[in-house]
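Hi everyone, thanks for making time this morning. Let me put the model up on the screen, and then we can walk through it together.

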Amino acid sequence: MVAPSDNAPPDDDVLWARALHYSHSGSPGLIGVTAGVRRGEILAVTGPRGSGKTTLLRCLTGRLVPEQGEVWFDGVPVHTLGPVARERLRRDRFAWIGPEPQLLPELKVWENTALPLLLTGATHRAAKHAACAWLDRLDIGGFARKRPGALTRAECQRVALARALVGEPTVLFADEPTAPLHRAERALLLRTLTTAARSHGITVVLATHDEETAAPADRRLDLLDGRPAAAATAADSPRTTEDQAACSLSA
Ligand SMILES: Nc1ncnc2c1ncn2[C@@H]1O[C@H](COP(=O)(O)OP(=O)(O)OP(=O)(O)O)[C@@H](O)[C@H]1O
């Protein structure tokens, strides 16, 4: 049960979370994480493996409900919504891209790209038109009639990006989208993602353990052991504040 709060989210944050706590079957995933992202901004959530990045993104999308804390999207208290409303929010306003493209091998590239629109009732013609427009924008229009098996992994990941963007979501959640790619491919995918998001005013929450991938972000949130990194470091070294005081006295 999530306790209500009098604290309203900041006006300029399209997505805002306060003091999130979440545990996976008893083992801590998030411990008191607060995060905000403004409309059109790119927020990088960084940290080593197991630091809680995916758990945070899943709490922000409403896929996971925090045990404590609040998540607000566009003035809506996501943490109080039921499963159907959260599912609708994810479908209509959010998109997700992970490290694996997860394309359907039987479908052509344009059909894979159009899937989110077809599943929400768009006509075949409108969905195809939008899918092909996004494939063109991402410079992969030439693949539209091919099947994923004919593409490289990096090309498939760009198709997955087109599929994520085809519904023009308010927020794109990108969980280690470049992780399985070589350096040059990583740079291309990242440039494609950030350029497309910025030119369409799409907010991005980008989880990555890689400094170069985090570099284009407007802001970043560093996690360690499920906490903001600064808090985790302080918790690991209870004498830090005392030590700093001692240092400044002796300086
Ligand atoms: N389904 C689960 N069941 C049990 N523990 C989990 C589950 N998912 C995550 N965890 C644990 O929660 C912690 C945070 O995991 P999370 O996947 O959020 O971190 P991450 O920073 O995204 O890591 P990675 O980069 O490896 O995906 C880790 O200790 C992880 O082992």
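Let's begin at the ligand: the shell around it has no nonpolar residues, 11 polar and two charged. For those classes, Ala, Val, Leu, Ile, Met, Phe, Trp, Tyr, Cys and Pro count as nonpolar, Asp, Glu, Lys and Arg as charged, and the others, Gly among them, as polar. Before I go further, this is a predicted model, where local features need pLDDT of at least 70, side-chain atom pairs count only at pLDDT 80 or more, and totals for chains, interfaces and linings use all residues. Residues are numbered from 1 along each chain as its sequence is written.

Back to the ligand. It is surrounded by 13 residues, and the closest are His 24, Arg 49, Lys 53, Thr 54 and Thr 55; a residue counts as near if its C-beta atom, placed from the backbone, lies within 6 Å. Helices here are DSSP runs of H or I with at least four residues, strands are runs of E with at least two, and both are numbered from the N terminus.

Now the sheet. Its four strands are antiparallel and ordered β2-β1-β4-β5, forming an open sheet; pairing takes at least two DSSP bridges between two strands. Because β2 (27-38) and β5 (76-77) each have a single partner strand, they stand at the edges, with one side left without a neighbour in the sheet. Strand β4 (residues 68-73) is joined to β5 by two bridges, and Phe 73 sits opposite Val 76 in β5.

On to the helices. The axes of α3 (residues 109-119) and α4 (residues 124-137) come within 8 Å and cross at roughly 120°, with axes fitted to C-alpha atoms over the stretch in contact and angles running from 0 to 180 degrees between N-to-C directions. So α3 is oblique to α4; under 35 degrees counts as roughly parallel, over 145 as roughly antiparallel, 65 to 115 as roughly perpendicular, and the rest as oblique. By class, their contact has 11 nonpolar residues, one polar and one charged.

What about α5 (residues 153-165) and α6 (residues 183-199), at what angle do they cross? Roughly 15°, with the axes coming within 10 Å, and that makes α5 roughly parallel to α6. Their contact divides into six nonpolar, two polar and two charged residues.
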